[in-house]
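The following dialogue concerns how to read one residue in its surroundings. Please consult the sequence and structure shown here.

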Amino acid sequence: ALIEQNTNFLSSKSSQAEDLSGELGARVGVFIHRMLEKALLQESLEYEAEWNDLVLQFYNEGNQPYSSEYWQNLYGDVCQEIRSNLTSIAWKELFIDMASLRTELPILYLNQGELVRGTCDLLIEKRDGSYVVVDYKSTREVLDLSIEEKEGDESLLGFCQKHQYNKQLNYYVEGVKKIFKTELVQGVVWFTKIQRGICCCS
């Protein structure tokens, strides 16, 4: 397989990470975001080529080596996660009555004299003139919630507040209001690990 061909020169150390914290977790999150973006823009989903680039860049920067088996298993899990998102009912419901969409929208504005700068993962414009700001989160911590907590709006909202996801989302929502001169803006945090979104902006 392609991944084995590109990792067999690496250390055969069989260190298996229990979670994806730190640099590797961040890179996997970027990979997931990028694949979701390409799917929305109807671009070719070249999973293996882009994953290969991630692996090589990870090692070229001197990070801890993992075995080829580890990378293969991780690749399979991540690809399944992406497919599960793209085929989920909740994901498809985000785009009901969609007029247009934008990905990686730059946000830049002054908030009480302070510069707010960021990038909105996804902005959906609805046919009625309203907007939905979607902020992807690929954190594994959400998996620690019980089934009831994952399905409950209140508990998931509490999770967002604990990690201040709602604060970040509020900045994006306010930026979109200023850019498009409208108050009809909703904010959604989308958890890729559980294929679920929650509206959590004030």
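Q: With which residues is Ser130 in contact, leaving aside its neighbours within four places in sequence?

A: Contact means heavy atoms within 4.5 Å. On that basis, Ser130 is in contact with Ile124, Glu125 and Leu184, leaving aside its neighbours within four places in sequence. This is a predicted model, in which local features need pLDDT of at least 70, side-chain atom pairs count only at pLDDT 80 or more, and totals for chains, interfaces and linings use all residues. Residues are numbered from 1 along each chain as its sequence is written, and side-chain values use heavy atoms, with hydrogens and water left out.

Q: Where is Ser130 found?

A: Strands (E, at least two residues) are DSSP runs, numbered from the N terminus. Ser130 lies in the loop between strand 2 (114–126) and strand 3 (131–137).

Q: Is Ser130 buried or exposed?

A: Buried means under 20% relative accessible area, exposed over 50%, and partly exposed in between (1.4 Å probe, protein chains only). Ser130 has a relative accessible area of 15%, and therefore counts as buried. Of the 202 residues of the chain, 45% are buried.

Q: Which side chain is joined to that of Ser130 by a polar contact?

A: A polar contact is a pair of N or O atoms within 3.5 Å; within protein, one must be able to donate a hydrogen and the other to accept it, and residues adjacent in sequence count only if both atoms are side-chain atoms. The side chain of Asp128 is joined to that of Ser130 at 2.6 Å.

Q: What is the mean pLDDT of the chain?

A: pLDDT is the predictor's confidence in each residue, from 0 to 100. The chain has a mean of 87, with 89% of its residues at 70 or more.

Definitions and conventions:
Helices (H or I, at least four residues) and strands (E, at least two) are DSSP runs, numbered from the N terminus.
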